[in-house]
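Dear colleague,

Please find below the sequence and structure that I am handing over to you. My findings follow directly after them.

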Amino acid sequence: MESLLLQYPWLDELLMGFIGLTWKHVVMWGISALLIYLAVKRDYEPALLLPIGFGALLANIPHSSAISQVVGEEGFLWVLYKGGIANELFPVLIFVAIGAMCDFTPLIRRPIVMLFAAAAQVGIFATAIFATLMGFSFEHAASIGIIGAADGPTTIYVASRFAQELLGPLSVAAYSYMSLVPVIQPPVIKALTTEAERKIKMGYSDEDPVSQTTKFLFPVMITLIAGIVAPISVALIGSLMFGNIIKVSGVVDNLSNAAQNELANLVTLLLGITIGGTMSGDNFLTVQVAMIMGLGAVAFVFDTAGGVLFAKLINLFSKEKINPMIGACGISAFPMSGRVIAKMALKEDPTNFIIQHAIGVNVAGQVASVVAGGLVLALIPALTK
């Protein structure tokens, strides 16, 4: 082949796609096909895994113009990366959309559920410790640990700040495990609880409606409190609460609807395909990435265990027992986790309805994951000085 190329140099450009093909490209085609399969056939986070899978395909064609970094010939995925990921714009816009979708009424009515949500973030710090022991740098370990927030945008935001080279695998791990909540959480919960505990019924009392003023002041107060405690978290919590205030204000329904629909769909599409564009074979097919995928599972297991064990601890001191399974809902996978736990309770006892309590803790998990991300952003620079 080399002699043929020397004789006919123009063949090099004509056959560059075939000549540049390596086993890593082929393997990545398989991985992108798997992501697309999970999205289309299994309905696992299709809004993200489908664009990520196709973006990975575009990034793993030899000499792909989609990811070209040549000045003047920059590929569109590289342009999107610089304009939306490297400067953290896409994750922030996603939070505006999420805020517009969220109803924080259950959290306002029972602020105590924040304790369960806080306990369920233990996976972040446990995984970060494991990652450090496995040889990752402190910044990378913290970025890996944030997978335990079960919050894709927070994971991307933290990774774009501290571990841009790991952005692709971290994002894939976060969204993959979020879609596997129905698979991961039930066995962990069953291992930590007895049948009698899973059958505990939780009552419902007449509840006063939450006033419109309270709903309006909630995002303002959360932004001020979180911002003063950790100013670096303002971009995260502020965008989430901005999305919520345009919803609860009731005066800009058109903006709220645009954030929930057009903004959410457009940014999700761009975010997904851009992340896929970072998954080149050279970056993705490494032992380090395999370790990250494993640590992602560890993060979700510890999250679930932390919430359940905290609920059991509360039961030791409380006369009115709570079903410890709701502790597992304190993650950001909303409303999937709440539904999974409610179904588990019904399976144990068809007359046991805990969906309202489970969703309340799950909503708190949305806020707690963003706050946890802000704490990580604040702690890493301080600890690495």
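**Covered helices**

Helix α12 (residues 152-162) is mostly covered, with 10 of its 11 residues buried. Here buried means under 20% relative accessible area, exposed means over 50%, and partly exposed lies in between (1.4 Å probe, protein chains only). Helices (H or I, at least four residues) are DSSP runs, numbered from the N terminus. Among the buried residues of α12 are Thr-154, Ile-156, Tyr-157 and Phe-162.

Please note that this is a predicted model, in which local features need pLDDT of at least 70 and side-chain atom pairs count only at pLDDT 80 or more, whereas totals for chains, interfaces and linings use all residues. Residues are numbered from 1 along each chain as its sequence is written, and side-chain values use heavy atoms, with hydrogens and water left out.

Helix α11 (residues 138-145) is largely enclosed by the rest of the structure, because 6 of its 8 residues are buried. These buried residues are His-140, Ala-141, Ala-142, Ser-143, Ile-144 and Gly-145.

**Helix α18**

Helix α18 (residues 253-277) has 25 residues. From its first C-alpha to its last, α18 reaches 35 Å, close to the 36 Å expected at 1.5 Å a residue; the expected span is 1.5 Å times one less than the number of residues. At Ala-259, α18 bends by about 40°, where the bend is the angle between axes fitted to the seven residues ending there and the seven starting there. Ala-259 is itself buried, and other buried residues of α18 include Val-267, Leu-271 and Ile-273.

**Aromatic pairs**

A search of the whole structure finds 4 aromatic pairs. Rings of Phe, Tyr and Trp (its six-membered ring) pair if their centres lie within 6.5 Å; planes under 30 degrees apart count as stacked, over 60 as edge-to-face and the rest as tilted. The rings of Trp-78 and Tyr-81 are stacked, because their centres are 5.5 Å apart and their planes are at 15°. Trp-78 and Tyr-81 lie 3 residues apart in helix α6 (residues 76-85), a separation of about one helical turn. Trp-78 is partly exposed at 21% relative accessibility, whereas Tyr-81 is buried at 11%.

Phe-104 and Phe-218 form a tilted pair, 5.4 Å centre to centre with 45° between the planes. This pair links distant parts of the chain: Phe-104 is in the loop between α7 (89-101) and α8 (105-109), and Phe-218 is in helix α16, 114 residues apart. Both phenylalanines are buried.

**Surface and loops**

A nonpolar patch on the surface is formed by Phe-216, Leu-217, Val-220, Met-221, Leu-224, Ile-225, Ile-228 and Val-229, which together have about 760 Å² of accessible area. Val-220 is found in helix α16 (residues 212-229) and is partly exposed, with a relative accessible area of 32%.

His-63 is in the loop between α5 and α6 and is exposed, with a relative accessible area of 57%. Glu-88 is in the loop between α6 and α7 and is buried, with a relative accessible area of 12%.

Yours sincerely

Notes
Helices (H or I, at least four residues) and strands (E, at least two) are DSSP runs, numbered from the N terminus. Patches are made of residues with over 30% relative accessible area and no salt bridge: like charges are joined within 9 Å, nonpolar side chains (Val, Leu, Ile, Met, Phe, Trp, Tyr) within 5 Å. Accessible areas come from the Shrake-Rupley method with a 1.4 Å probe; for residues, only the protein chains shown count as cover. A salt bridge is a side-chain nitrogen of Lys or Arg within 4 Å of a carboxyl oxygen of Asp or Glu.
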